[in-house]
Amino acid sequence: MRSLSFIFLLVLLLSDSAYTQRWKPGDDIFRQLDEVLPTPNEYRTASGAPGHRYWQQKVDYDIRLDLDDQNQSIQASETITYHNQSPDSLNYLWLQLDQNRFKQDSHAKLTQTAPNLKSRPSYRLMEALLDQDFDGGHKIQAVKDAAGKPLPYVIQDTMMRIDLPKPLTSGERVQFSVEWRYNIVDVKKIGARGGYEFFKDDGNYIYEIAQWFPRMAAYTDYTGWQHKQFLGAGEFTLEFGDYKVAITVPDDHIVGATGVLQNPDKVLTATQRQRLQQAKGASKPVLVVTPEEAVANERNKPAGKKTWIFHAENVRDFAFASSRKFIWDAQEHDVEGNKVMAMSYYPKEGNPLWERYSTRSIIHTLNVYSRYSFRYPYPVAISVNGPVGGMEYPMICFNGPRPEKDGTYSDRTKYGLISVIIHEVGHNFFPMIVNSDERQWTWMDEGLNTFLQYLSEQEWEEKYPSRRGEPKEIVDYMTSQQQEPIMTQSDSVLQLGPNAYAKPATALNILRETILGRELFDFAFREYSRRWMFKRPIPADFFRTMEDASGVDLDWFWRAWFYTTDHVDISLESLDWYTIDTRNPDVEKTRLKQMREEEPVTLSMRRNQPLPKFVEQYPELLDFYNNFDKLNVTPKDREDYEKVLRGLQDQEKAILNSHSNFFVMKFKNIGGVPMPIILDITFTDGAKQQLRIPAEIWRRNRREVSKLLITPREIQSIVLDPNLETADADLNNNHWPPKPVKTRFQIFKEERQKNPMQIQQELEKVTQQ
């Protein structure tokens, strides 16, 4: 404890920054992001909203396909109507040929680095060998204009350029057709986002078909044609439009797809149509195809083919699933006035997990996501069990977890299924409706979706084991060496899961709970979601909208969390304790005497005490100073004190007699990310106080700051980040007084390894027996 002079005390009270050093060159985390973000314009405003001249293209598809269940291939044709709603004239169009990733000479394969054969070598080698033999890729058979005349085209890896006979000017549209075929990938042998799974026991297949048709590449105001090649990690950048798709499959198949079935009377039995009708008023899922019917279906052979016709409006993609193995359940659910048919398709191998959790998980997801963003606008939401672990498309998603063959399952499998369904159904909101550029910025859909997935999981049941979202779960990644900023382009990210899913989701959770608070955050996030429904935002639109709607400058937060690889580690370095020097000699000298008496006696002083002293032999050597105590109060001391009081005003006299304690807490930012300083303070009288200091305290010095606390109480202990809100990497430096680090060690007997002779002798003994 130290005593403050009165003049120093006045300076301290006038400015808390007396303990904050000035910023150093390079400590610029609070510099505004204007220099990094694109300049606002008439397409995208400074508020983060679409501008008054915002535009995007529109693409309509009319597709016919035939699924070959004998050879696992697709033969198809499409008519594309491309609406040029941009202000530009286009001399050519770019289409995406995603299946070309599986060609032997694709950029994806040629740039793939060698796997670690020391870890799971058989799996890696099998995949590599099968991949070499697979004849993948789109086989383009024809490209024609509306009159049936061939159009010139060039294929560049996973992209195809169609050269137009004349420029397509602003406001015009063009129609052309494409014919193609391709071999479907065996997903269990070659990793893919869509393909088939073969069931050896019954000889049947499940098909989950995606990235299957030549799709228009996006043409945007911020990048022109988005034709960065599909390398596997960076997903898709697509345009909205209307789809009519006719899917011809064996007549014993059940098909689920994007959109609404247009010909149920042609492809469903009367019983199935009746059950679908019952699902409209049901309080739980209704079986449209029962497990018994699905098992019987597996044993039969198709008599012919059926064509299922689906129509979807204002979607950016189309996917479907087909199999004779499918059990099918459905339940209509009212999502804020929109009647949605929630449906699940799964084989018998998925039960009992799928019949219990899939459709219910869909409904829960639609409820929670609609509350935090916007009302789910589509008429259908589907979850399919097949070979794909987890992938999303408009109104339909593919999810992989299944129980063991005996019907049992672990808690990991149960919650893994619920979580992946929440995640993939949630993708309907991001990016299927809030249509961000996945090829460029994975985090804009995966990160936001994982954040809402976390909120949905926490509303499923108490203590739900969420893998991502809690700040403490991201610490290991943020302190690792193998990482890049979140704003890294999708294909260049080293650890995609932590970088594009977990870290941005955690950042948003911290923003909601600690930086903005739930009310401000929820309003701003909902504003962003609704502004960009059925439009294409870029990161600047998200950053600006969150600031615009919350009224809080968050540039420092975006810069630290999204543009750097720094981590959070704030330490409570020290606590200095000051009290006021009252200048009253009767008070101060008495206090000093007490402190003197409480000082410990040194070892030498204690041992020297019984020794004879020289002045005891010669007392004439004693003088005034042998009895003088400078801490005795004198009349002069009291006279000086009265003179001081006469020069003070009443308010100043009150400060001198306030008996306040002045504590200066010193903090160091070791990790580099500035964060709010959250303190739980316990006083010696048992009282407690929580102090929440905004992150702006670091604005003048990113590395070290101090904070003054004035209180009549004495501090007993302080805990920094007591609720684990900030992803602090080292909790050991978060305490005053410092706490010993507690750990555990094992005592065990090390087993001695047998030498080769001992092993051989044991083998011989076994042989002789």
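**Exercise 1.** With which residue does K668 form a salt bridge, and how far apart are the closest N and O atoms?

*Solution.* The model is predicted, so that local features need pLDDT of at least 70 and side-chain atom pairs count only at pLDDT 80 or more, while totals for chains, interfaces and linings use all residues. Residues are numbered from 1 along each chain as its sequence is written, and side-chain values use heavy atoms, with hydrogens and water left out.

Begin with the criterion: a salt bridge is a side-chain nitrogen of Lys or Arg within 4 Å of a carboxyl oxygen of Asp or Glu. The partner of K668 is E704, with the closest N and O atoms 3.9 Å apart. Strands (E, at least two residues) and helices (H or I, at least four) are DSSP runs, numbered from the N terminus. Finally, consider accessibility, where buried means under 20% relative accessible area, exposed over 50%, and partly exposed in between (1.4 Å probe, protein chains only). K668 is partly exposed at 30%, and E704 is partly exposed at 29%.

**Exercise 2.** Which elements hold D586 and R638, and why does the pair tie together parts of the chain?

*Solution.* The side chains of D586 and R638 meet in a salt bridge of 2.8 Å, N to O. Because D586 lies in helix α15 (residues 585-598) and R638 in helix α19 (residues 635-646), the pair ties together parts that are 52 residues apart in sequence. D586 has a relative accessible area of 35% and is partly exposed, and R638, at 39%, also counts as partly exposed.

**Exercise 3.** In what order do the 4 strands of the open sheet stand, and is the pairing parallel or antiparallel?

*Solution.* The order is β9-β10-β19-β15, and the pairing is antiparallel; two strands pair if DSSP finds at least two bridges between them. Strands β9 (195-199) and β15 (254-257) stand at the edges, each with a single partner strand, so one side of each is left without a neighbour in the sheet. Within the sheet, β10 (residues 204-209) and β19 (residues 320-323) run antiparallel and are joined by 3 bridges, and the bridge partner of E208 in β19 is A321.
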